[in-house]
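Please open the model in a viewer and keep the selection panel at hand.

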Amino acid sequence: QVQLVESGGGSVQSGGSLRLSCAASGDTTRRYCMAWFRQAPGKEREGVARINSVDIIKYADSVKGRFTISRDNAKNTLYLQMDMLKPEDTAMYYCAADPNFSLVYCLNQASTDFDYWGQGTQVTVSS
């Protein structure tokens with residue numbers, strides 16, 4: 001059983017930056033598909049960024065050029081660097097992981113059936 005704990009959320013002004021972390025325990029996630037999702041009040045959850053087991057990355061169009069996903073295998077931690085933040089980025093951000101997704105399935109925006117989810121960290125961007 002894998003546990004995921006997010007941190008790094010907070011309140012920033014438009015144009016600011018935040019770095020989210022997702023610390024994994026219970027297993028080594030080096031070969032896992034991992035992703036960041038977000039959900040704003042009244043909206044559906046959406047995938048923000050994904051990284052598969054060979055470190056190929058996919059971003060949602062809404063964050064391309066502003067967000068960067070990365071992983072530190074030595075620390076068993078996933079990151080999301082968020083720059084040029086906008087008010088529409090305000091949401092609860094969740095980390096997700098799955099050991100069994102194929103390389104292609106991992107990068108598919110429709111793939112949401114991850115085995116493991118964190119509790120989330122709130123990001124609020126004011127204008």
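The stops below concern nonpolar cores, aromatic pairs and charges over rings.

This is a predicted model, in which local features need pLDDT of at least 70 and side-chain atom pairs count only at pLDDT 80 or more, while totals for chains, interfaces and linings use all residues. Residues are numbered from 1 along each chain as its sequence is written, and side-chain values use heavy atoms, without hydrogens and water.

**Cores.** Select Leu 4, Trp 36, Leu 80, Met 82 and Tyr 93, which have the most contacts inside the largest nonpolar core, a set of 30 residues. A nonpolar core joins buried Ala, Val, Leu, Ile, Met, Phe, Trp, Tyr and Cys residues through side-chain atoms within 4.5 Å; buried means under 20% relative accessible area, exposed over 50%, and partly exposed in between (1.4 Å probe, protein chains only).

**Rings.** Next, select Phe 37 and Phe 114, an edge-to-face aromatic pair with 5.5 Å between centres and 80° between planes. Rings of Phe, Tyr and Trp (its six-membered ring) pair if their centres lie within 6.5 Å; planes under 30 degrees apart are stacked, over 60 edge-to-face, and the rest tilted. Phe 37 counts as buried at 1% relative accessibility, as does Phe 114 at 5%. Trp 117 is partly exposed, at 26%.

**Charge.** Finally, select Arg 45, whose charged end sits over the ring of Phe 37, 5.6 Å from its centre. The criterion is NZ of Lys or CZ of Arg within 6 Å of the ring centre and within 35 degrees of the ring normal.
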